[in-house]
Amino acid sequence: FRQGRRSHLFLADLQNVTSVDEQTKLIYESEARCIRGAAYYYLTINFSRVPMLMTGETYATSPEKARPESDAAAWQTIKEDFEYAAKHLGWRPADEQVGRFTKAAALAYAAKANMYLGDYATAKAQLKDIIDNSGKKLNPIHGMLHWVDNPDSEETIWEISFPKFAS
């Protein structure tokens, strides 16, 4: 849960940052919302509804934060973070840094949340957007997704970057 906590604290601090331009702040906010959304996504899958702290909240300031009222409310919160991010992120990672969230990754997670909500038409449109616009395609061999010397392959939508790739 630390990544969720850190992301909403980062989001609270980002509101007062004046040393970067607004477009950079939107990218940072979008990436942080993706991290928070991913944290809540996996917590919700594994534990159902969990208390979802939001921007600026901590367990010290919101010690008795209630769980969302329903599974649908939990998935709606998750979906909102990813759909917000998809509006502001590009198809390529910011600064060309592998491992940063992209529009494709945000749309993929948003589509998953929409499927949990039963909104298959929106999920289908989001996944079609990835297919049509991201420049991604299937690798010739599926196992290439797991090759250490093939980071950010043509099939990869989002991956965690590791400190050492084979050269």
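This is a predicted model: local features need pLDDT of at least 70, side-chain atom pairs count only at pLDDT 80 or more; totals for chains, interfaces and linings use all residues.

Reply:
**A helix contact, close up**

On the α3 side, Trp75, Ile78, Lys79, Phe82, Glu83, Ala85 and Ala86 meet Lys103, Ala106, Leu107, Tyr109, Ala110, Ala113, Asn114 and Tyr116 of α4. (Contact means heavy atoms within 4.5 Å; helices are DSSP runs of H or I with at least four residues, strands are E runs of at least two, and both are numbered from the N terminus.) Sorted by type, the residues of this contact are 11 nonpolar, 1 polar and 3 charged. Here Ala, Val, Leu, Ile, Met, Phe, Trp, Tyr, Cys and Pro count as nonpolar, Asp, Glu, Lys and Arg as charged, and the others, Gly among them, as polar.

Residues are numbered from 1 along each chain as its sequence is written, and side-chain values use heavy atoms, leaving out hydrogens and water.

How do the two helices lie? The axes of α3 and α4 come within 8 Å and cross at roughly 155°. (Axes are lines fitted to C-alpha atoms, for helices over the stretch in contact, with angles from 0 to 180 degrees between N-to-C directions.) That angle makes α3 roughly antiparallel to α4, a label for angles over 145 degrees. Their crossing is left-handed, meaning the near helix is turned anticlockwise from the far one by less than a right angle.

Now pick out Phe82. Skipping neighbours within four places in sequence, Phe82 contacts Cys34, Gly37, Ala38, Phe101, Ala106, Tyr109 and Ala110. Phe82 also belongs to the largest nonpolar core, 25 residues in total, and is among those with the most contacts inside it, along with Cys34, Tyr40, Ile78 and Phe101. Such a core is a set of buried Ala, Val, Leu, Ile, Met, Phe, Trp, Tyr and Cys residues joined through side-chain atoms within 4.5 Å; buried means under 20% relative accessible area with a 1.4 Å probe, counting protein chains only. Helices α2, α3 and α4 each supply at least two of its residues, and α4 gives the largest share, 8 residues.

So where does α2 come in? Its Cys34, Tyr41, Tyr42 and Ile45 meet Ala106, Tyr109, Lys112 and Tyr116 in α4. This contact has 7 nonpolar residues, no polar ones and 1 charged. Helices α2 and α4 pack at about 35°, with axes 11 Å apart.

How values were computed
Buried means under 20% relative accessible area, exposed over 50%, partly exposed in between (1.4 Å probe, protein chains only). Angles under 35 degrees count as roughly parallel, over 145 as roughly antiparallel, 65 to 115 as roughly perpendicular and the rest as oblique.
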